[in-house]
Structure formats: structure tokens, C-alpha cells
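Subject: Handover of a structure and its findings

Dear colleague,

Please find the structure below for your records.

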Amino acid sequence: MNSSEENAVSGVSAGRAALRMGPAELVQAAAMARRFYLEGKSKIQIAEEFGVSRFKVARVLETALERDLVRIEIRVPAELDAERSDALRARYGLRHAVVVESPADAAEDAPDPENLGAVAADLLGELVSEGDVLGLAWGRSTIHMAAALHRLPPCTVVQLTGVYDAGTAERGSVEAVRRAAQVSGGDAHPIYAPMLLPDPATAAALRNQTGIARAFEYFDKVTVAAVSIGSWEPGISTVHDMLTDEERGHYASLGVAAEMSAHLFDAEGRRVGRDLGERCITVEADRLRRIPEVVAIAGGLRKAAAIGAVLRSGLVTSLVTDTAAADYLLTESDPGIRPALERADPDAHAS
């Protein structure tokens with residue numbers, strides 16, 4: 001038998017021996033595993049204690065895993081999908097991606113899962129620090145999120161958009177801003193005005209009103225923002241529902257695929273219909289891009305393509321969504337660059 005054959009047989013024998021660990025070896029392996037996994041000792045420290053090499057310790061720990069003496073579990077709440085979350089974060093260069101399980105009975109045209117708001121509220125509790133300025137844009141998801149808030153460090157809260165209907169302000173964005181400020185103990189700066197006005201002159205006049213102008217002054221100070229995303233469909237996009245049939249047809253002809261905070265985007269994340277912004281009370285896209293952390297809250301298969309479009313815009317840094325939307329986003333065409341990480345403007349990239 002040559003030396004290579006001897007080494008091969010020796011390796012097999014060693015493997016079999018490891019599988020037939022005697023009681024002394026089992027006890028030693030359990031002790032080493034306890035030192036390493038529970039007490040946090042290094043392999044060198046364990047080697048010194050037991051009078052063996054650190055390579056021996058490494059082999060024993062590996063064998064302990066193979067023999068099920070040690071079981072390592074990564075556990076997150078059942079509603080969170082850690083694997084999809086990490087894959088989505090990597091694909092779009094997101095700072096944070098949190099994917100929750102879609103309801104088992106959710107239809108294709110179902111609205112955002114209600115639990116997205118609660119998960120987003122917990123995420124904001126992590127992201128917001130004392131002294132931050134938190135911006136909230138109008139949207140059903142952000143309203144649900146504000147209602148679920150239970151902890152926030154002391155911070156200023158400012159409204160980033162007007163409301164869908166000024167007559168329902170108490171039940172919408174204004175109340176969301178007040179709720180967040182109440183939880184944080186900070187100042188609130190709501191906007192008592194509709195999101196969409198009949199013409200640019202009316203919108204400009206409202207922006208100059210004292211209360212609204214004061215809120216706008218905080219836009220450049222916002223450090224964390226929460227926004228919603230809508231697809232260009234009835235009941236899914238706030239702006240879509242506020243326009244006339246003729247106006248909807250015009251913007252549809254421009255290729256609009258998504259809406260966020262009254263900004264319209266095509267499928268590649270490029271802004272279209274910019275003239276609409278002149279009639280809106282909303283934070284400008286350039287200001288959104290400068291906010292360090294912009295968290296989008298949106299889910300459901302019906303919104304999946306719109307979410308992808310907004311992610312390509314480079315305006316969003318983090319996302320809270322569900323498994324239905326995540327599966328679509330993970331199988332659609334690769335965005336190429338990592339827009340959320342680079343905050344890249346597709347319009348500038350195209351030019």
C-alpha cells in the first residue's frame with residue numbers, strides 16, 4: 001500500500017472514529033461546545049484549558065455539529081421571511097428590506113396586507129434616533145403604520161404631502177403626524193391642504209401660507225421618511241383617483257406605471273408627467289433623494305410592478321413589503337445598478 005492509499009484509509013478511519021465517539025469524547029465535545037457557543041470563549045482559550053491544539057478544538061466543534069450535539073437555529077418571528085428579505089436587499093442595494101408573509105387567502109387584487117403597517121412601525125422604532133426629523137407622506141400604509149406606533153425617540157414629525165381629501169384630514173395624514181409626534185413627545189408640523197389643486201397658481205398660493213410654509217421649511221431637515229407606493233389604477237393610486245378621465249388618459253400615454261407622493265414614474269423608474277407636481281402640495285423628488293433614509297411601505301401582487309419602478313428611481317432606501325410582491329421583484333429583470341444604495345437618478349443616468 002502506497003502512502004496516498006494509507007492517507008486515504010487513515011482519513012476514512014478517522015471519519016468513522018468520529019462517528020463512533022466514545023463517552024469521554026462526547027463529554028469533552030459537549031464541554032468544548034458549551035465554552036464556545038454559550039460562554040463565548042475563543043478556540044485558543046479552549047485549547048489551552050483542555051491541553052490540545054486549536055485545530056483539535058475546531059475539529060471537535062465541527063464533529064459536535066455533525067453529531068447533533070449542537071444545533072444552531074436562526075429564528076425570526078413566523079411572519080417575517082428572512083431569506084426573501086436578504087435576497088431583496090441585495091438585489092436592489094437596499095439598506096433594509098423586511099418581507100412579511102402574505103395572507104394565505106390574499107387575492108391578486110387585494111390591498112396592502114394590514115400587518116405591513118405594524119412591521120413598518122417597529123422598523124421606524126429602530127431607525128429613528130433622538131433629535132431626528134421624521135417625515136410622513138400621505139398613504140394608507142403610512143396611516144396604518146402611524147396607528148401601530150408604540151415607541152419612538154424624541155423627534156420632530158413633519159407631513160410631506162397634502163391629504164387625499166382635506167375634509168378627511170383628521171382621519172388621514174394629519175392624524176398620522178399627530179400620532180407619531182404624540183408617541184415621540186416631539187413637535188408636529190401637519191399640512192392642512194389637499195394634495196392636488198386645480199392649477200399651479202392655487203398650489204403656489206397655498207405653499208406660501210404660514211402653516212404650510214413652516215412645514216416645507218423642515219423638508220431639508222428630514223432624516224427619516226416613510227412613504228407609500230401606488231400603481232396606476234383606480235383605488236391603488238391616490239393621484240389617479242383625483243384626476244379627470246382626460247388627465248388620466250394623458251398621463252397613461254406617458255407610460256406612467258407607479259406613483260409615490262404625487263410623483264409619477266415609468267417602469268424604469270424615470271419620472272414622467274412632471275407638470276403634475278406644479279399642482280401638488282408635496283415634497284420635491286430632489287429633496288426626497290437627499291433624505292438619508294426613505295422607507296417605502298407597499299405590498300401585494302397588484303402593486304409589485306409599481307414597487308419595482310419606484311425602487312429603480314433611487315428615491316427609496318428601504319422597503320417593507322410582503323412575500324407576494326417580493327417574489328415578483330426577485331424574478332423580474334435585474335435592475336443592473338443597485339438604485340437604492342447608489343441613490344442614482346435614472347433620468348441623469350440616461351442622459
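This is a predicted model: local features need pLDDT of at least 70, side-chain atom pairs count only at pLDDT 80 or more; totals for chains, interfaces and linings use all residues.

Are phenylalanine 216 and phenylalanine 219 buried or exposed? Both phenylalanine 216 and phenylalanine 219 are buried; buried means under 20% relative accessible area, exposed means over 50%, and partly exposed lies in between, with a 1.4 Å probe and protein chains only.

Residues are numbered from 1 along each chain as its sequence is written, and side-chain values use heavy atoms, with hydrogens and water left out.

Confidence and overall make-up

The predictor's confidence in each residue is given as pLDDT, from 0 to 100. For the protein, the mean pLDDT is 84, and 85% of the residues reach 70 or more. Over residues 1–18 the pLDDT stays under 50, and the model has 4 contacts for them beyond four places in sequence; a contact means heavy atoms within 4.5 Å. Residues 166–170 also have pLDDT under 50, with 7 contacts beyond four places in sequence.

The protein has 17 helices and 11 strands. These are DSSP runs numbered from the N terminus, helices being H or I with at least four residues and strands being E with at least two. Of the 351 residues, 47% are buried. Among contacts between residues at least 6 apart in sequence, 68% join residues at least 24 apart.

An open sheet is formed by 7 strands in the order 1-11-10-5-2-3-4, with parallel pairing. Strand 1 and strand 4 (188–189) are its edge strands, each pairing on one side only. Two strands pair if DSSP finds at least two bridges between them.

Strand 1 pairs with strand 11 in the parallel sense over 5 bridges, and histidine 96 stands opposite serine 318 in strand 11. Strand 10 and strand 11 run parallel and are joined by 3 bridges; here alanine 296 stands opposite leucine 319 in strand 11.

Strand 10 has 5 of its 5 residues buried. Strand 5 pairs with strand 10 in the parallel sense over 5 bridges, and alanine 226 has valine 295 as its bridge partner in strand 10. Further along, strand 2 and strand 3 (residues 156–159) are parallel partners over 4 bridges, with glycine 135 opposite valine 158 in strand 3.

Helix 6 (residues 115–127) has 13 residues and reaches 19 Å from its first C-alpha to its last, close to the 18 Å expected at 1.5 Å a residue. The expected span is 1.5 Å times one less than the number of residues. The buried residues of helix 6 include Leu116, Val119, Leu123 and Leu127. Strand 1 (96–100), strand 2 (133–136), strand 5 (224–228), strand 10 (293–297), strand 11 (318–322) and helix 7 (140–148) are what the buried residues of helix 6 pack against.

Strand 7 (residues 258–260) and strand 8 (residues 263–265) run antiparallel and are joined by 3 bridges; methionine 260 has histidine 263 in strand 8 as its bridge partner.

Aromatic residues

How many aromatic pairs does a search of the whole structure find? The search finds 2 aromatic pairs. Rings of Phe, Tyr and Trp (its six-membered ring) pair if their centres lie within 6.5 Å; planes under 30 degrees apart count as stacked, over 60 as edge-to-face and the rest as tilted.

The rings of phenylalanine 36 and tyrosine 37 have centres 4.9 Å apart and planes at 85°, so this pair is edge-to-face. The rings of phenylalanine 216 and phenylalanine 219 have centres 4.5 Å apart and planes at 35°, so that pair is tilted.

Phenylalanine 36 lies in helix 2 (residues 23–38) and touches Lys41, Lys43, Ile46 and Leu61, not counting residues up to four places away in sequence.

Yours sincerely
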